[in-house]
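The sequence and structure are shown first.

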Amino acid sequence: AMVYGDRRPHLVALLVPDPEIASAADLQQRVQAAVDQVNRDLNVIEKVRRFIVADEAFTIENEQLTPSMKIRRHVISKAYGDRLDGLYKR
């Protein structure tokens, strides 16, 4: 997962679901339920308000992860930036 929202009114997220549910017909509902469960324990400013599901997992091969398994925010933001920004327009 990558949370996005620096200098924005609220947080949004890019989420990579587990492979076993990635192709489920009710993927959005399952992910929304997981987000709602996590949000229950957070303050208002910490809550993820909207999210999108990533097209593929973050990997070293697609350069979205470093060899030490840290996300490369600038690479992910370049790939998904327009879609993440679109979450603020709804």
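1. Helix α1 (residues 27-39) has 13 residues, which at 1.5 Å a residue should span 18 Å, and its end C-alpha atoms agree, being 18 Å apart. The expected span is 1.5 Å times one less than the number of residues. Helices (H or I, at least four residues) and strands (E, at least two) are DSSP runs, numbered from the N terminus.

2. This is a predicted model, in which local features need pLDDT of at least 70 and side-chain atom pairs count only at pLDDT 80 or more, while totals for chains, interfaces and linings use all residues. Residues are numbered from 1 along each chain as its sequence is written, and side-chain values use heavy atoms, with hydrogens and water left out.

3. In α1, Leu-27, Val-31, Val-35 and Asn-39 are buried (under 20% relative accessible area, 1.4 Å probe, protein chains only; exposed is over 50%, partly exposed in between). These residues lie on the same side of α1, because they cover an arc of only 100 degrees around the axis, taken from the directions from the helix axis to the C-beta atoms. They pack against β2 (11-15) and β3 (48-53).

4. Tyr-80 is in contact (heavy atoms within 4.5 Å) with Leu-14, Ile-52, Ala-54, Asp-55, Glu-56 and Gln-64, leaving aside neighbours within four places in sequence.

5. Gln-64 lies in the loop between β3 and α2 and is buried, with a relative accessible area of 4%.
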